[in-house]
Amino acid sequence: MTSVIGSRAVREDAWGKVFGQAKYPADVNLPGQIYGVVLRSPHPHARIRRLDVRKARELTGVAAVLTASDVPHNSHGVLFRDQPVLVSERIRMVGDPLVAVAAESPETAREAARLVEIEYELLPALFNPEEAMRPGAPALHPEVHGESNVLYHLPVVKGDLAKGWASADVVVEQDYSTQMVDHAFLQPEAVLAQVDERGHLVVQAATQYPHYDRGEIAHALGIKVSRVQVKTLSVGGSFGGREDISLQLVAALLAYRTLRPVKMENSREESFYSHCKRHPMTMHYKTGATREGKLVAMEARIVGDAGAYASWSPNILRKAAIHATGPYEIPNLRVDSYAVFTNNPWTGAMRGFGAAQPVLAYESQMELLAKKLKISPVEIRLRNMFRTGSTTATGQALTGSVGLEECLQKVAPFLWKEGDRE
Amino acid sequence: MVELELTVNEKTYKLEIEPDERLIDVLRRRLGFTGTKEGCGEGECGACTVILDGRTVNSCLVLGVQAHGRKIITIEGVGDRRRPHPVQRAFVEEGAVQCGYCTPGMVLSAKALLDKNSDPSPQEIGVAMSGNLCRCTGYDKILRAVQRAAREVSGK
C-alpha cells in the first residue's frame, strides 16, 4: 500500500501555470464579443430619484444600457436573496451596482457609463454596528430582514456563571476590535458570457461556487437552471472573496439581452468595490481564573459588522461564537455573538470564516491573566488547553486526537524565552 | 494610430497601435500573449512583468510605443513542457505555484536575475523578487525555488 503522507505531490495544474498557459477568465475571448462595465454608487446610503440612460444609449458603439427594470428577478445572495443585481431604488453601500453597460470596446462602455444621469436623495448612513443595532435606528432591510438591523444573534451558554465568578481570584476585562480587510486576490474578477448554439447561457468565470452561480443566474434571468452552464476557469486566488456571485450575473444579463458574447474585466479599484470584505468585529471580554491559573468564567460579547448585505454573516458570527473561548476549557460562560447591518461594504467569507478575529481577544486575555497571576504564558495555556476528553463551550466532546499540548511544547521555545514572565 | 515594430520572443511584429496604448494591452489584446497578467494596473503587483532588453519592467507602466525597436521576452518565450527553464521546474517541484496568477511574472523576474547573476545571495534574490506580489504562498517556497534554480544554473 502506498501512503501519500511523506510523499511529494506535484500540483496538477502547476506546469500549465509556469508556462503561462493556464487560462483565467480575462484570457478567453470570443469573436464578436462586446465589453461590459458596471456603474456603481458613490454614496453609502441614498435613494435614486431619477435615472436617465438616454444619452448613454445614444452613444455610437453602445449595445445595451440596462437598469433594474431589465432584471426579471432582481435579487441574489448565498443565504438570503437580499442583494439586488442592479439597484432599483435604495442604495445601501458605496459600490452598489446601478447600471450595466455593454459596448463594442471597453473604452466606449466606460464613456457611456459616464453619460448616465442620476439624481440621488442622500440618506444618513449607519457606519457603526453599535449604533445600527439600537432600537429606532433606520432599518436597512425592512423587506427581507424586518425592522431590526440585527441580522443574527447567537447566545452560547454553559455552566453556572454566578458560581464561576464567585470562584475567580483574578478577572481581566477588556475591549478588542479588528478591522475590515480585503482579500486582494491577485486576479481581479473577469467573466465571459455567451448564449451558445443550443440557446444555453454559458458563463466562464473564476468562482469558488459554480453550482450556486448557476442557480443565481437562472433565478435572476427567470430561465431554467438546465439552460445555464457555468465553467470555472483558473481561479487567481479567492480566499473566500469569490463565494458570493459577482460580475457573472451582470455579464449573463447583458449576453442574454444582446445575444452577443460579453466580456467583463474589473480593474483593481472596481474589484475592491465589487466583492465582500472580512468582518470587522468588536469584542468585549471578561475572563476569570483561580489563583492556580484555572479558567473558571468568561463572558464575551462579539459584534460583527455585516455591512450592507447578509452574505455569509450568520455563519461567520456563529463560528466566531463557537471559537470564542479559543482552545481552552472554561466551565462557566456566556457568549453573545451578533451580525449587524450597516452601510459599510458588505462582509462575507474570508480565510478563517469568523474564527480568526476572536483569536486577538482570547489570546490577549490569556497573556493578561498570566501577568496578573505571575505565571508564564506557556504555563497558563498548559493548565487550560483542550486535550483528548475535553468539552468545548458548545458541548462538543473532543474524543479524537488533540495535538495541542505537543504542538505548544514544540513551538514554545521559539515564542518565549526561559523565565519570560512579564 | 502609430506604427510599432517590436520583437517578442524572437519574432518581429509590425502593427498599428494607439499612441496611449499600454505595452500589456499590445501584448495581451493585439498579439495574444495572455500569459502576461494584469493584477493592479499601477505597477504594484508585478503580475505583468516582462523582460525588455534584458531588464524586467511592469508592462502596465510602459507605453507600447516605448517598446519600438526593442526585444521583449514574455512567459510564452521561456521553456516548454519538454525543456522547462530551471526556474519553471524549480517552481513546480518546490510547490511555489498555487493560484498561479503571479507565477509568470515571478518566473520572469527570477530568470532575469539568473541571466545576469547565476550565483545570487539570498539578499540578491530577495531584491530581484521584491517587485512581484503573491497572495497565496507566503513567498517562502518561491524564494526556495529561485535558490534551487540558481543551484542548477550555476552547477553548485
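The residues that line the largest pocket divide into ten nonpolar, nine polar and 19 charged, where Ala, Val, Leu, Ile, Met, Phe, Trp, Tyr, Cys and Pro count as nonpolar, Asp, Glu, Lys and Arg as charged, and the others, Gly among them, as polar. This is a predicted model, in which local features need pLDDT of at least 70 and side-chain atom pairs count only at pLDDT 80 or more, whereas totals for chains, interfaces and linings use all residues. Residues are numbered from 1 along each chain as its sequence is written, chains are lettered from A in the order in which they are written, and side-chain values use heavy atoms, with hydrogens and water left out.

The largest pocket has a volume of about 1100 Å³. A pocket here is an open set of points, on a 1 Å grid over the protein atoms alone, where a 1.4 Å probe fits and protein lies on both sides within 12 Å along at least five of seven lines, and its lining residues have an atom within 4 Å of a point. The volume is the space filled by probe spheres set on the points, which are joined across faces, edges and corners. Of the 38 lining residues, A:Pro106, A:Glu107, B:Arg22, B:Asp25 and B:Arg29 lie nearest the centre of the largest pocket. Strand 1 (34-40), helix 3 (106-114), strand 12 (262-265) and helix 9 (268-274) of chain A, together with helix 1 (23-30) of chain B, each supply at least two residues of this lining, and helix 1 of chain B gives the most, with five residues. Helices (H or I, at least four residues) and strands (E, at least two) are DSSP runs, numbered from the N terminus.

The second largest pocket holds about 350 Å³ of space. Among the 15 residues that line the second largest pocket, A:Val38, A:Arg40, A:Arg110, A:Glu270 and A:Tyr273 are the closest to its centre. Strand 1, helix 3 and helix 9 of chain A each supply at least two residues of this second lining, and the largest share, four residues, comes from strand 1 of chain A. By class, the lining of the second largest pocket has seven nonpolar, three polar and five charged residues.

Chain A as a whole has 13 helices and 15 strands, and buried residues (under 20% relative accessible area, with a 1.4 Å probe and protein chains only) make up 57% of its 422 residues.

In chain B, B:Asn132 has its place in the loop between helix 4 (122-129) and helix 5 (140-154). B:Asn132 is buried, with a relative accessible area of 4%.

Key. Buried means under 20% relative accessible area, exposed over 50%, partly exposed in between (1.4 Å probe, protein chains only).
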